[in-house]
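The paragraphs below go through a complex step by step, from domains to helix pairs to chain contacts. Please keep the sequence and the structure open while reading.

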Amino acid sequence: MNVIYQFVAGPLAWAAFILFLSGIFLRMIQLFVKVNQPEKFLLHYFSLRYGLRSIIRWLTPFATTNWRKHPVFTVVTFIFHGCLLITPVFLSGHVVLIDEAWSLSWWTLPDGLADLMTLIVIGSCVFFGIRRIVRPEVRFVTDASDFILLVIVAAPFITGFLAYNQWFGATWMTIAHMLSGQILLAAIPFTRLNHIILFFFSRAYMGSEFGKVRHARDW
Amino acid sequence: MSEAQNLDNKNQLDTATEAGISRLTPEKIKKVVDCVIKRETGVRFETYMQTCIHCGLCSEACHFYLSHDNDPHYSPAGKIKQTIWELIKRKGNVDRDFIRRAVRIAHTECNLCKRCALYCPFGIDIAYMMLVMRRILHKLAVTPLYIQDTAHSHSVTMNQMWVKGDEWVDTVQWQEEEAQDEIYNLRIPLEKHGSEIMYSVIAPEPKFQAQLIYQAAIIMNTAGIDWTMPAGVGWDNSDMAMYTGDNEIMGRVKRAHFEAASRLKVKKIVMGECGHAYRSVADMGNRWLGWSMPPVPVVHAIEFYYDLLKSGKIKIAKKYEKPVTLHDPCNVVRGAGLHEKARYVANQLCDKVVEMIPNREHNYCCGAGGGVINCGPAFKLSRTEGNSVKAEQLFNAKSRGAMTLIAPCHNCHSGLHDIVHHYEVGLELKFFSDIIYECMEKPEDK
Amino acid sequence: MTDKSAWDWDKGDKTIDTTGWSAQYKWVEELHAAPDGQTLAAVVNVDQGEFTVCVNATSWEKTFDKIWHLRFLNDGRLTALVSAMGQWTVAVDGSCWDNTFGFVWNPLFSNNGKHIAVAVQRDMRYCMALNDESWKTDFANMTYFALSPDGSKTAACVQVKDADSGQIQKFQKGTFTAAIDGKPWEQTFVNVWHLAISPDNRHLAAEVRLNLYDYTIAVDAKPWEQIYQSVWEPVFHPADGSVTAPVKSDGKWHMARDGKIIWNRGFVQLWRQRFSPDGSKLAAIVAPKFGRWTVAVDQELWAVSAKQMVTDLAFSPDSSKIAALFKSGGYWKIAVDGDLWSRKFDRVFTPVFSSDGRSLAAKVETKGKYTLVVNGKLWQQSCDMIWDPVFSPDGDKILIRFMKDGIYHRRIELTSNISG
């Protein structure tokens with residue numbers, strides 16, 4: 001088991017990070033190389049001011065008509081994304097590992113709060129899953145991949161929570177946690193999870209078009 | 001999928017489009033899909049495909065969805081799922097039934113109004129995706145009969161309604177003569193080189209609504225505008241080829257329009273109350289030709305009236321008394337941000353303006369734009385029934401006192417006319433120019 | 001062109017006072033100055049529905065129900081499209097053609113001003129008429145008209161097969177073709193646009209669409225073998241008979257001659273190609289990238305560019321120079337041989353070269369006032385209205401026709417007095 005642990009914590013972790021970073025890098029390269037083919041005007045209308053206006057507007061809860069129309073969804077979405085991004089980065093367990101490896105450390109979340117945030121991520125995934133089944137307009141555009149993505153996102157949090165709380169064989173659970181985390185990282189550039197990156201581009205483009213060309217709001 | 005097929009079995013397309021579909025082979029379909037996707041789409045299309053998280057938040061943006069009791073087949077993403085997503089997933093290996101359904105969805109169940117762009121958290125331009133679908137359908141020669149015929153008219157005459165060269169000039173001169181009964185020395189100067197303004201209209205004006213040219217002439221002459229209209233091609237600013245995906249003809253028609261202005265050496269183009277024409281001139285057509293912005297500034301009628309009223313070139317003798325409500329056309333509000341100027345104009349002209357709810361960028365589409373009304377009478381019922389939410393919005397404005405409905409766009413005007421009649425809303429429809437003409441101070445006759 | 005040497009080129013100023021015209025008539029329409037500047041004319045209204053033309057304060061003898069498109073020809077004659085008793089025809093210096101029509105429009109004039117062609121409609125059938133003579137055949141529809149440079153041949157795009165609106169299959173099989181002097185080509189096309197008649201009058205070229213998607217150039221009814229995504233108007237070489245046109249393939253515009261691509265690069269846009277009068281150079285307006293416009297001469301780009309548009313590309317008569325108008329930021333500048341003149345204007349009208357190419361002048365507008373710019377220098381007069389400048393045959397003098405305070409001036413200036 002130690003060998004497996006070492007493998008997952010070592011080479012596989014590196015592989016996952018490399019896939020994540022190079023995947024994003026390659027996506028960006030592809031985006032910028034192809035941006036003028038065949039539509040030659042995309043960059044032409046880009047506006048930092050209006051791009052940021054749109055991004056900031058949509059990253060502010062309840063600042064757009066549609067966020068206001070769906071208060072529950074909006075609250076869940078913002079808290080979910082916040083917890084999803086903050087928890088792994090400021091989790092004391094993660095920071096300790098990084099400190100041990102590279103002598104780098106930073107502020108960490110109190111464990112109780114981290115637990116709560118983890119449960120929020122898991123709960124949100126359940127919410128999104130149920131929403132996909134219950135709401136007809138969401139069900140209609142949902143396919144299997146959407147549930148798989150939810151599982152990929154939820155898995156590191158579920159396994160992390162179980163491992164931390166020492167339920168079901170902690171070591172195995174830790175391995176499962178690392179593996180699922182690596183799958184999530186590696187999946188981001190190659191699945192629709194890359195919306196976390198592409199959001200900024202599609203939003204900035206639409207923001208620029210509406211602000212600079214159409215002189216209208218896009219929210 | 002089975003639901004969608006049932007829907008289709010109930011709905012045949014017009015015979016010419018059916019004939020086009022019957023000529024399709026799986027190989028032909030795949031070839032065209034591959035060609036359009038590979039050669040004509042790029043980063044934008046890919047990003048939209050990869051970014052959509054299937055959240056369904058766009059649904060409530062769409063009047064078709066809202067009007068069909070939230071049937072997800074009509075949600076923006078739902079329509080993309082039934083067309084583009086499926087095409088890509090199946091790598092173009094789709095059958096005639098799929099194409100038939102795609103024609104119906106892309107041409108008659110989406111007005112390309114871009115309201116959904118305001119509701120998608122990622123800012124995905126679903127109207128653009130639908131235009132890609134229409135481009136594929138154009139390449140497959142299965143564009144609905146009426147709008148295809150309109151695109152043919154554009155290709156031959158550079159106008160929308162098969163108006164011949166002599167008919168155009170004759171109509172303008174006839175309106176000039178008529179209007180001289182009201183202002184004795186009124187002119188509609190044709191081909192006047194070096195004028196400040198070229199005034200362009202859409203072909204339905206000379207064809208069916210010549211009084212709009214008359215009214216424009218009265219307004220121009222009263223305001224003392226140095227203006228002209230072209231006597232040759234380029235007088236029509238409309239462009240249904242833009243909506244059939246025949247981008248080459250769209251570009252050709254737009255070039256004719258701008259070259260008319262360039263030939264006449266005018267400083268700017270003022271266009272009548274038409275929305276899609278503005279989109280074609282100042283957004284899509286110019287881009288196809290390589291002009292990032294219109295090479296000759298294009299001023300929509302709303303903005304022109306705003307300037308005339310603000311500068312006092314037009315004075316209102318007596319305000320329009322009946323309470324009005326104002327429809328914000330997609331192409332000049334979401335497309336050009338003219339909503340506040342439209343309100344200024346409405347308030348200057350009318351005693352009372354009752355706001356529709358929602359309004360401005362969030363106004364509901366008329367249901368006619370995006371080429372949908374141009375697909376012909378076969379789809380009139382589905383168009384009006386697909387926009388009951390508009391009728392509710394109008395009834396609501398009426399319940400708060402509105403008696404007149406101002407629609408500063410030709411397509412909106414026709415679409416709202418059908419809705420007002422179908423649902424017996426009981427609002428009187430007007431263009432801004434109708435009210436300006438009715439209420440303005442006119443020069444004393446000699 | 002007409003011989004300008006017989007004109008009065010003595011330095012000085014002649015005037016015509018138009019201030020009384022408005023009292024003479026109910027209203028006076030746009031003023032037109034003759035090429036030699038000696039006469040000033042306008043359509044005028046005499047009474048309700050009664051029009052005539054006022055030339056140097058004297059009316060034409062005849063009056064008409066309607067007059068439009070008043071223009072001076074290059075030979076100094078004055079022409080207009082006129083209507084009486086519901087019939088239309090062409091009037092030249094007050095005399096009408098013998099033939100009358102249901103409608104006439106789109107007049108075309110030969111360079112020497114001797115020939116006038118118009119599109120005519122008679123009993124809802126269409127044809128061209130040249131110098132009062134109509135084609136023997138007429139057609140159900142007619143678009144895009146052409147007159148050969150020497151004025152001897154007329155051509156038009158005509159519909160030869162009936163297809164009512166709505167008959168899309170029939171239309172897509174091809175109902176249009178081109179006709180020269182009334183004789184249509186045998187082959188039909190979905191669309192035919194922008195005709196060009198060869199300098200020797202023996203060939204006719206046009207843009208054609210073969211089906212909804214394939215475009216090419218047809219010369220004497222024969223399409224080029226190559227098909228394209230789109231094409232723009234063809235031009236004939238002044239001497240060798242070849243046909244050159246912009247064509248679009250692989251999403252880019254290329255310059256093609258007789259079906260072969262001749263420039264080694266493609267453009268976002270490429271149009272308005274012109275041969276120098278001696279045929280040695282080919283220039284065109286191009287957009288090398290989106291939203292960027294310039295001029296290409298034999299595929300070499302000028303270093304200067306415009307963000308909004310480039311227009312009025314023209315060679316000097318001696319083929320030595322090229323001028324074009326560049327618009328950026330709402331202002332116009334004149335470019336000559338790749339250099340932009342520094343002055344910018346609200347409007348610049350079509351520039352005029354002297355015959356030896358040494359001088360270039362144009363009518364310009366700043367804040368609603370007009371003047372001339374000559375070789376980059378401004379003429380120090382601000383006018384209410386000015387016509388395009390005319391150079392003397394040797395280019396040393398310049399004829400300036402302008403209005404100031406209701407007075408028309410015909411002034412001869414030394415070119416060097418303005419351009420320094």
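Domain bounds, as used here, come from an automatic or database domain assignment. By that assignment chain B consists of domain 1 (2-143), domain 2 (148-309) and domain 3 (315-439). The centres of domain 2 of chain B and domain 3 of chain B, taken over C-alpha atoms, are 22 Å apart. The model is a predicted one, and the predictor assigns the complex an ipTM of 0.97 and a pTM of 0.96.

Helix H14 (residues 247-264) of chain B and H15(B) have axes 9 Å apart and an angle of about 110 degrees between them. Angles of 65 to 115 degrees count as roughly perpendicular, and H14(B) and H15(B) are therefore roughly perpendicular to each other. H14(B) contributes Asn247(B), Met250(B), Gly251(B), Lys254(B), Arg255(B) and His257(B), which meet Ser280(B), Val281(B), Met284(B), Gly285(B), Asn286(B), Trp288(B) and Leu289(B) of H15(B). The contact of H14(B) with H15(B) divides into five nonpolar, six polar and two charged residues.

Helix H6 (residues 76-89) of chain B packs on helix H7 (residues 96-108) of chain B at an angle of about 130 degrees, and their axes are 10 Å apart. That angle makes H6(B) oblique to H7(B). The crossing of H6(B) past H7(B) is left-handed. From H6(B) the contact uses Lys79(B), Gln82(B), Thr83(B) and Glu86(B), and from H7(B) it uses Phe98(B), Arg101(B), Ala102(B), Ile105(B) and Ala106(B). Four residues of this contact of H6(B) with H7(B) are nonpolar, two are polar and three are charged.

Between chains, 40 residues of chain A are in contact with 39 residues of chain B. Helix H1 (2-34), helix H2 (48-58), helix H3 (65-69), helix H7 (136-141) and helix H10 (195-213) of chain A each supply at least two residues of the chain A side. Nine residues, the largest share of that side, come from H10(A). The side of chain A that touches chain B holds 17 nonpolar, twelve polar and eleven charged residues. Chain A also meets chain C, through four residues from chain A and five residues from chain C. The chain A side of that contact comprises two nonpolar residues, one polar and one charged.

Last comes confidence. Chain C has a mean pLDDT of 96, with 100% of its residues at 70 or more. For chain B the average pLDDT is 95, and 97% of the residues score at least 70. Residues 1-10 of chain B stay under 50 in pLDDT, and the model has nine contacts for them beyond four places in sequence. Where pLDDT is low, predicted coordinates should not be read in detail.

Conventions: Residues are numbered from 1 along each chain as its sequence is written. Chains are lettered from A and ligands numbered from 1 in the order in which they are written. This is a predicted model: local features need pLDDT of at least 70, side-chain atom pairs count only at pLDDT 80 or more; totals for chains, interfaces and linings use all residues. Two residues are in contact if their C-beta atoms, placed from the backbone, lie within 7 Å. Helices (H or I, at least four residues) and strands (E, at least two) are DSSP runs, numbered from the N terminus. Ala, Val, Leu, Ile, Met, Phe, Trp, Tyr, Cys and Pro count as nonpolar, Asp, Glu, Lys and Arg as charged, and the others, Gly among them, as polar. Axes are lines fitted to C-alpha atoms, for helices over the stretch in contact, and angles run from 0 to 180 degrees between N-to-C directions. Angles under 35 degrees count as roughly parallel, over 145 as roughly antiparallel, 65 to 115 as roughly perpendicular and the rest as oblique. A crossing is left-handed if the near helix is turned anticlockwise from the far one by less than a right angle, and right-handed if clockwise. pLDDT is the predictor's confidence in each residue, from 0 to 100.
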